[in-house]
Amino acid sequence: MSSQPNRLAEGGAIDRSKTVRFSFDGQALTGHEGDTLASALLANGIKLVGRSFKYHRPRGILTAGSEEPSALVELRSGARREPNTRATTIELYEGLEASSQNRWPSLKFDVMAVSQLFAPFIGAGFYYKTFMWPAAFWEKLYEPMIRRAAGLGRGAGVADPDHYEKAHAFCDVLVIGGGAAGLAAALASARTGARVILCEEDFRLGGRLLAEPDEIDGRPARDWVEAAEAELESLPDCRILRRTTVQGVYDGGTYAAIERVNDHVPLPPAHEPRQRFWKIVAKRAVLAAGAIERPIVFGDNDRPGIMLAGAVRVYVNRYGVAPGKRAVLFADNDDAFRTAVDLAEVGVAVAALIDARKLPSAAAQAAAERAGARYLSGAVIKRVRGRQGVKGVEVRDASGKTESFDCDLVAVSGGWAPSLHLTTHLNGKPQWSEALSALAPGTLPPGMSVAGAAKGAFGLGSCLAQGHDAGAGAAAACGFTGGSGKASAAADNDRGTVSPVWQVENSRGKAFVDFQNDVSVSDVKLAAREGFRIPEHLKRYTTLGMATDQGKTGNLNGAAVLAQATGRYLGAVGTTTFRPPFTPVAISAFAGHHRGQDFRPARLAPSHGWAKEQGAVFVETGPWLRALYYPLTGEEPQDSVNREVANVRTKVGVCDVSTLGKIDVQGSDAGTFLDRVYANTFSVLAVGKARYGLMLREDGIVLDDGTTARLAEDHYFMTTTTANAVKVMQHLEFCQQVLWPEFDVQMVSVTEQWAQYAVAGPRARDVLQAIVDPAHDLSNAAFPYLACGNVSVGGGIPARVYRLSFSGELAYEIGVPARFGDALVRAIMEAGAAYGIAPYGTEALGVLRIEKGHPAGAELNGQTTAHDLGFGKMLSTKKDFIGRYMAARPSLTDPARPSLVGLRPLDREDRLRAGAHLLPKDAEASAANDQGHVTSIAFSPSLGHWLGLGLLAHGPERHGEILRAYDPVRGGDVPVEVRPPCFIDPEGERLRV
Amino acid sequence: MSDRPLHPRSALAGIAVPGRYGAPGSEPGVTIAERVGLGLATVAARKEHGEALKQAVANVYGIDLPEGSRIVQGPRVSFVGYGPGQWLAVSEALDGEALACDLLQNLKGLASISDQSGGRTVLRIGGPRARDVLAKGLPIDLDPRAFPLGSAATSTISLMGVQIWQTDDTRSYDIALFRSVSASFWRWLTASAGEYGYEVVGAGGA
């Protein structure tokens with residue numbers, strides 16, 4: 001293998017002493033430190049790097065930057081395989097593995113390339129026209145077919161093993177782009193003492209200065225870049241983010257940027273992320289994103305070896321690579337023809353300069369002379385020879401005469417267009433500039449200014465001057481008026497006459513506008529004929545500009561072809577909208593740390609560690625992880641739940657209820673406040689007592705329920721359901737701050753402060769009496785049902801006991817400061833051992849409450865009223881409260897509303913299913929006969945059969961009636977008997993023993 | 001049974017184990033210490049008693065209650081403002097419930113006091129890279145120009161609610177978070193601090 005045959009002997013910003021090994025499609029190759037994958041492939045003489053999206057046409061490397069539409073490869077292998085990465089932006093690293101995409105069996109011989117033969121049939125709107133009908137074919141035939149044939153690259157198919165993270169940064173001035181204008185802006189603003197962040201997409205600062213033999217302040221531009229970089233590094237409040245692309249502009253001076261921290265190494269070092277997603281908040285921003293060169297559209301303009309002229313200079317001057325042996329230049333501007341000189345200087349033969357402009361240019365002519373090349377003005381490329389790589393071009397000159405040139409490189413340029421994408425993210429509209437023959441930034445996002453080529457100033461001197469002024473101006477706007485130093489100076493290159501040529505008429509072969517989506521001139525013209533005259537419509541119809549490059553090199557040409565096809569002025573045709581992100585962003589970068597168990601924070605109850613030791617199975621309840629059940633070794637889930645329930649009914653159980661929302665409500669108006677927010681009355685609750693409370697929304701529907709205890713005259717302790725804790729707190733704060741700011745009431749969440757356990761069952765008192773310090777008497781006389789009070793445990797640790805029961809058994813809740821929660825549950829278990837205590841989880845909790853007919857989440861579903869749930873009598877008529885009047889609306893008090901009932905299967909062996917519809921016994925299963933549904937079900941170990949709760953029209957009047965519980969989803973159809981909701985101890989005697 | 005003492009347990013017990021972690025190097029970029037046993041309590045001024053409360057705090061604790069998001073450090077008790085008329089009292093001297101008891105006694109009728117000593121995990125995050133670590137989760141600017149000594153803020157880190165304040169030297173910050181998310185927070189913190197190398201100082205909880 002000849003090593004890097006196209007590498008120049010000298011020059012460029014690569015380190016020839018450091019050889020980097022890599023592979024492409026399994027072929028072992030070498031490059032140098034400082035290379036991109038694209039430059040290394042070119043150095044090895046590889047021009048064919050992929051197959052196109054729709055037609056599988058051979059494609060090469062068009063650009064040298066992030067705008068690349070063609071050279072997309074799969075990078076890495078295994079779990080780190082990443083499709084559609086641009087070879088032009090991949091920094092070469094030791095061991096890099098890349099492979100071409102969209103080809104089978106090989107890049108050079110691709111079976112699917114026959115689709116080119118059908119090209120006339122898969123033009124614009126093909127999908128819309130062909131796959132319309134029959135609709136049934138979509139899922140089975142069309143979609144799988146399209147998916148197989150189309151699409152570039154393959155995802156890894158397994159989880160990304162690397163870590164990604166987010167970060168926030170703040171600055172006075174954000175400079176976007178580290179080329180001439182950006183460096184000048186960063187210097188001018190950072191010198192004033194302003195906090196500056198400079199983001200550069202490349203791994204090296206300098207932008208086009210790395211690719212042009214320019215001089216600044218009388219010395220080589222590269223030296224100036226190094227000096228600028230060193231000065232910026234030395235300033236304490238200036239931060240340079242290399243390999244960082246600013247992807248989007250958002251409100252309030254917020255910018256999103258992706259830093260590719262470790263994409264340039266084989267594996268991220270331990271503890272380091274692969275990428276970092278920055279959210280940058282900047283008072284001012286200077287956009288110095290440079291410009292993107294526009295190709296000229298002609299037949300077979302996508303052949304490997306056809307490259308933008310500016311990119312050719314990058315490969316020659318920055319990477320020391322000759323992208324070909326014999327070149328032809330085809331352009332409509334003098335800047336591009338400079339390429340001939342650069343090529344000639346490194347020994348690449350230049351056959352001809354094809355100037356598309358009608359009038360000859362002296363500068364271009366001079367360049368041709370220096371390069372020893374022919375110069376043809378008013379000429380165009382009519383035909384390209386070579387399929388997998390350019391072999392020559394046929395040129396039609398001004399007189400119509402055809403001439404042929406052999407070449408393996410065609411450098412093309414239709415001039416430069418400002419990279420203004422970020423200026424449009426907040427709805428700014430670009431403006432057509434006749435002088436530039438391109439779109440220029442229009443209205444800018446607040447706080448942003450634009451400098452240099454991004455503003456249409458293509459001369460180096462102008463870039464430096466504009467950058468300096470924009471940087472100094474941005475700093476001054478932030479209050480930094482100190483010295484911004486002297487602006488650097490350079491000459492402006494003469495661009496010559498601008499008379500843009502967009503496309504070559506009557507050239508042979510398919511002429512591509514959008515390389516990545518394979519959209520050609522004929523597609524645009526067809527769309528225009530079919531009435532798609534607006535770029536936004538053209539885009540949707542032809543997919544022009546919808547690929548991962550968002551049409552960076554194609555949109556303008558597309559608009560020009562459209563303008564011509566519809567006989568309009570290009571400046572009046574308009575453009576499509578650029579949206580974030582500027583370049584493709586990995587989903588992992590958006591996710592950052594929030595993957596797997598960290599998808600969102602998990603809240604762990606104080607007993608979590610202990611429960612884990614017991615072998616508990618956990619369930620997510622909102623953000624909390626709660627113990628679902630505590631299986632003994634080898635025990636089935638249902639058996640565990642049955643055992644836990646039975647243990648509570650016959651002995652005693654303990655359950656962590658710390659996750660319930662807990663709110664301290666204090667102040668001299670606390671009682672009055674609670675009277676307003678609860679449907680029932682709390683101001684008359686005695687100190688040392690607790691009460692069940694029901695809260696309504698403004699519209700009369702139930703918001704939440706829970707118990708509230710009065711700990712002192714001016715201190716209530718409210719509990720909410722776990723699910724509604726945050727909502728209730730917000731509701732209370734709204735009421736206090738907006739509705740009744742005159743009340744003396746203060747609220748604070750103490751959910752986290754208290755570890756709280758329910759101890760329930762006939763032996764609950766025995767257990768708890770053993771837990772509290774001896775001074776406290778928990779006898780029925782001293783501490784009756786619904787009593788509450790301060791106690792101490794473990795020798796003086798403050799605790800609170802509430803005699804509340806959700807299970808229907810003798811029960812207490814005991815709370816201690818959360819750091820004692822772990823010790824307390826262990827103490828309870830130890831004290832309860834003599835009484836046969838066992839922990840119970842949320843599943844058993846649910847069974848216990850269903851046996852008792854207590855409504856919970858499935859019944860408090862945001863659609864039920866107090867009447868529906870059997871709480872109608874709790875609605876106070878003696879006071880005003882939120883929801884009072886709306887709850888009295890006739891439609892909310894209609895007895896035909898589905899209301900709470902108990903249900904049990906007529907055949908006790910039958911299983912009930914939540915969600916089943918309740919129908920009259922012999923009625924047909926139709927929506928018209930639907931009278932309600934089963935909301936909660938449980939197997940009751942106490943009764944030995946399934947039972948359920950449901951919401952049934954006229955429910956309370958129908959106890960004893962037989963209905964159908966019809967479940968079409970799971971095929972259930974069970975006769976059920978309507979019962980009062982409470983199945984166990986309806987008199988509540990066990991609560992009060 | 002009741003005479004058997006109950007031992008407190010940090011939410012980070014067994015998780016925050018003292019030692020040197022992450023990228024190796026001479027000096028760790030970040031130091032992390034849990035402030036265990038702190039007294040913590042919320043103090044909310046009673047209606048129309050704001051001035052009297054300020055006076056009482058000045059008399060009893062020797063400091064002026066801060067206005068806005070600031071921390072004022074007293075000899076025994078510090079106060080972190082987190083809302084209009086709302087403060088988080090922090091104390092080493094009055095540990096655990098003792099702080100809330102003391103405040104209740106001294107500010108009776110002037111403020112509503114709720115003990116929070118069990119409900120928060122407080123971490124002190126310091127070292128030369130402390131700000132870089134916090135920037136990976138905290139959406140506020142900690143530059144001394146924006147967050148000078150004595151500043152406090154209520155914000156979020158990686159979707160978790162936090163209170164943050166800066167106390168003594170310019171490189172370390174106290175972060176109070178809800179106890180229940182301590183393990184999740186620790187995973188975020190250590191994943192974020194790893195690249196700088198970090199040291200967990202002191203016992204993570206007894």
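Which residues are buried in helix 2 (residues 97-106) of chain B? Before you look, a word on the view: this is a predicted model, where local features need pLDDT of at least 70, side-chain atom pairs count only at pLDDT 80 or more, and totals for chains, interfaces and linings use all residues. Residues are numbered from 1 along each chain as its sequence is written, and chains are lettered from A in the order in which they are written.

**Stop 1: helix 2 of chain B**

Select B:Leu99, B:Ala100, B:Asp102 and B:Leu103, the buried residues of this helix. Buried means that 20 or more other C-beta atoms, placed from the backbone, lie within 10 Å of a residue's own. Helices (H or I, at least four residues) and strands (E, at least two) are DSSP runs, numbered from the N terminus. The four sit on the same side of helix 2 of chain B because they cover an arc of only 160° around the axis, taken from the directions from the helix axis to the C-beta atoms.

**Stop 2: where the chains meet**

Chain B brings 47 residues to the contact and chain A brings 46; two residues are in contact if their C-beta atoms lie within 7 Å. On the side of chain B, show strand 3, strand 7 and helix 4 (182-193), each giving two or more residues. Helix 4 of chain B gives the most, with six residues.

**Stop 3: A:Pro601**

Find A:Pro601 in the loop between helix 14 (587-591) and strand 31 (603-604) of chain A. A:Pro601 counts as buried because 25 other C-beta atoms lie within 10 Å. Leaving aside residues up to four places away in sequence, A:Pro601 touches A:Pro623, B:Leu159, B:Met160, B:Val181 and B:Ser184.

Conventions: Buried ≥ 20, exposed ≤ 12 C-beta atoms within 10 Å, placed from the backbone.
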